[in-house]
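These are my notebook entries on a structure I looked up.

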Amino acid sequence: MPTPFRHLVVLMLENRSFDHMLGFLQSPEYPIEGLTGNEINPSAAEGGLPVVVSRDAHSVHDLNPDPGHDFIDVNVQIFGNKDGIPGGPTMQGFVQDYALVSNHVEQGANVMKCFTADTLPVLSTLAQQYAVCDHWYSSVPGPTIPNRLFAHAASSAGSVTQDAVAAPAVVKTIFEVIDDPENPSSFRIYAPGASILMANLYLARHQQGFHAYSEFRNDCLKGDLPEYTFIEPSYDDDFANGVFATSQHPDFPVNQGEALISDVYNALRDGSQWETTLLLIVYDEHGGIFDHVLPPAVVKNPAFAGLPDPPPSTDPPFAFNRLGVRVPAVFVSPFIKAGTILSEPFDHCSIVATVRKLFCLDKTPFNWREAQAATFENILNLPVDQMRTDRVVLPAPVVADPPADMAAAAGGAFAIATAQPKIPPAVKKPTDLAVSMARAMEYTMSHLGIKPAMQTSQIYSAQDASSFLSDAAVALSGAGKTAGAGGSRG
Amino acid sequence: MRGRCVSATAVFLLGLFPALAQAQSYDSCPGFWSEGIHLKIDCVEALFSASPAHFTFSSVPPGNGFALGGVLESKTHFVSPSVALPNLNLMCPDIRNTVPNYADATRQRLGDHENSYLCVEDPNPPPKQKLNTASVTLKDYQVAIAGSTNGSWYTTGSFSWLPLHYTQFTKNGVVYQKLGPLLTHQVFGIQFYGTHRNVQNLNFYGESATSAATQYAFKQTETYEGSIARLPLTTWLRAEGQVEHRQISLPQDTASNSVQSNFGEATAPGIFVQPGFLHSALAADTDATWISEPANPKETVDANPVPVSLIKHRFVFRAQNRAGYEWYHDLNTGHYSFGQFAFTGDESIRLGAVFLKFIDNKPGSTAFPFLRFLCGGAGHEATVEKTGPNGKPVKVKEESFKPKDVCDFGQLDFKTRLVFSQTGAANVVPFYYQPTLGGSDIESRVSLRGYPDYRFRGNDLALVQIEYTKSIQVLDPVGIYTFYDGGSAALAGQSLGAARYRQDGGVGATVRLQGKIVLRAYAAMGAGHGVHLGYNLEKLF
């Protein structure tokens, strides 16, 4: 099938597994590799009954505190031990790991809660009306930053943890490859706020590709999208300023991310490039939430012996020869039949490989992980003369609230301290990701000779982190030297 | 982006000075002697713009040579006023020690970051530690001093204060700064400043547009200090208020061509007595931009798609206007008090185009060299290694324009300036505060370029200018421009009519620093005395 799409738009959200979001869409008529409803994980309570997957996931409060999704946690979840040694039951460690992380046996069971089409209407509708991938894996059995780096560079510079301070700065991304002066293709990164990509040294010096997300819809209407577009969600709330996190990272409301998905889809649908655009909605990693499919190992194909390995991690030791847990991935295009199920294994390297294949002059993969990744330029399954002209009207996002007592308990956890002195509502702490992004930005700024107004060691609250990231973005934009549309200088 | 900005970032410009937009850094200087011309230019720009210290030039009134000096500054325009200061009234013990029954889950959520504890408000805060909950930011300070070749010099200092607490507000995906009902991109600020300048040569030709062409000279020292408050009302409208004290003195000059030797109070009011002035002003500024750029053609997957043209137009319209009234109150004699209505406008159209297709410089191409000349700054060039005819690798320079590259065709400006002075029956406007036409005025504003600096003085003034400016990327930072000037100056009771109208036109060259024109050199004609050559340096302080 030839590739009629000339524009690829990727929206990458945060920390939700495939089964958690789309597993319960499975039916005889829709045979995705989803949930039968009988999947279990052993209880964390000694002698307790196994915890069964359930259809009662809520928009917030289920996953507070954040489930563990570092490399060690994922080893426990997949293999039942911290070292990732196979041999025992697999995909049975989610409840126990979360119980340890949350220090609550009962809380551990919440990782088995899943959404349904009724409680996750937007993503579910798009999955069923277009194409769902039921074997899209995160590239790294670990947290956000390494996985996002794999989505941009097929490598995380040897980092498998969230403390990847230098990695975002040093990796060569596919954006840099597209930016070849001789390449007719271009890219844009739409971000409502901070992006880990701003910490990349090349992108920090060539910032013409960064655009505010507020411009996206207008660019769609003008037919002004480049060949490759990457959309970042907002990673944190700032209620006082009217900003809501849309990443769906626990414990931010899932419905806000649904609204973002809906916004992106409608902007593309209303735009003049709809017919030639492929939208990919994908998640960076599973967030420590249950999925029942064992991620495969990846073995270097001898045909790619001449390609380098992605730099390994030394602490903990890991050779990036094993994929992470499944994540939701949905393709949208007027050339996709409704109900399409793609079962070919993809991972985030597939994005890099596909962008290179379609939009780059330089065809040399970064490494064998990229070379071996399946590409998706041929997934469209409607011929040109059968292009869909229908408009899928998306339902409104649903706020699946927890029961009143649960909400009170969650809020009460912050007011539970009755010892004197009286404790006011907590100062909102920054998320791990926000602090990690800030440290990465600080590292890059130091390399560019920029002194931030505040040091990351001074970040105390979520507001501090948000301000640091905002100020760093502006400071980096002031240091960016345009080598594209703004002019070349030899 | 500007992106952008990117982003929900907050960039707060108080419009403090006509200062350079973005400072270069000294990164390009280490390789000055070995690198190409553009990096050499970057280094020179850094010498005149890098923070915190850099050289500066200009800012002495025209006719006093070239001034060189130094600046020490801290410009942190990106400081967000939404960041509340740390509340010093909070006690922040390690919660794990003080509240042993605290839920472990909460402790886990707090994470292991440094200072990961809850703060408790001190019920008895020390009074001295109490802070206003508004953002108090003392940033954007600047101190400068410069001296010129004829002994003129100036020194100036300023700092800004952002006293009000804005909150960020997102509407339709755009982030604004919110203060009550006001949604703006900039925030309220007050600038405090003080300047002293000592000018060795200012020219005087007598009052009115019909004064003789004989040039006289006077010296002037001036000290002024005050504050300007700027309140953004919308994203394009700002209100401004100013209060300052000004003290001018005209040192005694017995030279034969001095004003004091040739004029009296009647013909040069204020020549012998210079009072102190309390100067206050109220003004409204507009800065509105509108971009005209058609949408790209709808993309289809037809077997025979409609050919896409190479470029589409992109025009940026901008309206920058200022209208205000100023009061000069004579603090000593009262005789020289006057009021002035002043309007300045600059309506501009930036002409441009956006590339829709990729085009490279193939051998024999006739279109590409023309495009390179017209919009070379938007293009790309790379040196690639290819196999030469003899089979050996050769380095080849390849040039191209990519889709979405913006071609700059130049900018058309329509500028106006109106000044109307008002005095009481027994008052006069001192000659040194009369607006002037001809060359550049005391604030380095260029007017009738076909005439010498300060040629015509009057209580009232009208000026219109049309300019077309074009950057020539291959000559970057030098550009070219062409202009028309027309204006008249009149004393009280006179009209600004045709009898006093003077005009000229000409061509010139510009030099940009950090994207802003800082030098204009020109050859002007039409004043009835041949070609007049001159230059204007932008006032930076």
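This is a predicted model: local features need pLDDT of at least 70, side-chain atom pairs count only at pLDDT 80 or more; totals for chains, interfaces and linings use all residues.

Entry 1: I began with helix α11 of chain A, which covers residues 254-270. At 1.5 Å a residue, the 17 residues of α11(A) should span 24 Å, and the end C-alpha atoms are 24 Å apart, so the two values agree.

**Entry 2: the cover of this helix.** Next I asked how many residues of α11(A) are buried. I found 12 of its 17 residues buried, so I noted the helix as mostly covered, taking buried to mean under 20% relative accessible area. Among them are A:Val254, A:Gly257, A:Leu260, A:Val264 and A:Leu268. The buried set also includes A:Glu258 and A:Arg269.

In chain A they meet the helices α5 (121-129) and α10 (216-221). They also pack against the strands β1 (7-13), β8 (228-231), β9 (277-283) and β12 (329-332).

**Entry 3: one helix pair.** I recorded two values, because two packed helices are described by the angle between their axes and the distance between the axes. For α5(A) and α11(A) the angle is about 45 degrees and the axes are 8 Å apart. That angle makes α5(A) oblique to α11(A).

Which residues meet here? From α5(A) I listed A:Pro121, A:Val122, A:Leu123 and A:Leu126; from α11(A), A:Glu258, A:Ile261, A:Ser262 and A:Tyr265. The residues of this contact divide into 6 nonpolar, 1 polar and 1 charged.

In the loop between β8 and α11 of chain A I noted A:Gln248 and A:Asp251. A:Gln248 has a positive phi of about 70 degrees, although it is not a glycine. Its relative accessible area is 0%, so A:Gln248 is buried. A cis peptide bond joins A:Pro250 and A:Asp251, with omega about 15 degrees.

A:Ala154 lies in the loop between α6 (144-153) and α7 (167-170) of chain A. Its phi is positive, near 55 degrees. A:Ala154 counts as buried because its relative accessibility is 0%.

The peptide bond from A:Asp315 to A:Pro316 is cis, with omega near 0 degrees. A:Pro316 sits in the loop between β10 (313-314) and β11 (317-318) of chain A.

**Entry 4: chain B.** Lastly I counted 5 helices and 26 strands in chain B. Of its 541 residues, 49% are buried. The chain exposes about 24,800 Å², and carbon and sulfur atoms supply 61% of it.

Terms used: Residues are numbered from 1 along each chain as its sequence is written. Chains are lettered from A and ligands numbered from 1 in the order in which they are written. Side-chain values use heavy atoms; hydrogens and water are left out. Helices (H or I, at least four residues) and strands (E, at least two) are DSSP runs, numbered from the N terminus. The expected span of a helix is 1.5 Å times one less than its number of residues. Buried means under 20% relative accessible area, exposed over 50%, partly exposed in between (1.4 Å probe, protein chains only). Contact means heavy atoms within 4.5 Å. Accessible areas come from the Shrake-Rupley method with a 1.4 Å probe; for residues, only the protein chains shown count as cover. Axes are lines fitted to C-alpha atoms, for helices over the stretch in contact, and angles run from 0 to 180 degrees between N-to-C directions. Angles under 35 degrees count as roughly parallel, over 145 as roughly antiparallel, 65 to 115 as roughly perpendicular and the rest as oblique. Ala, Val, Leu, Ile, Met, Phe, Trp, Tyr, Cys and Pro count as nonpolar, Asp, Glu, Lys and Arg as charged, and the others, Gly among them, as polar.
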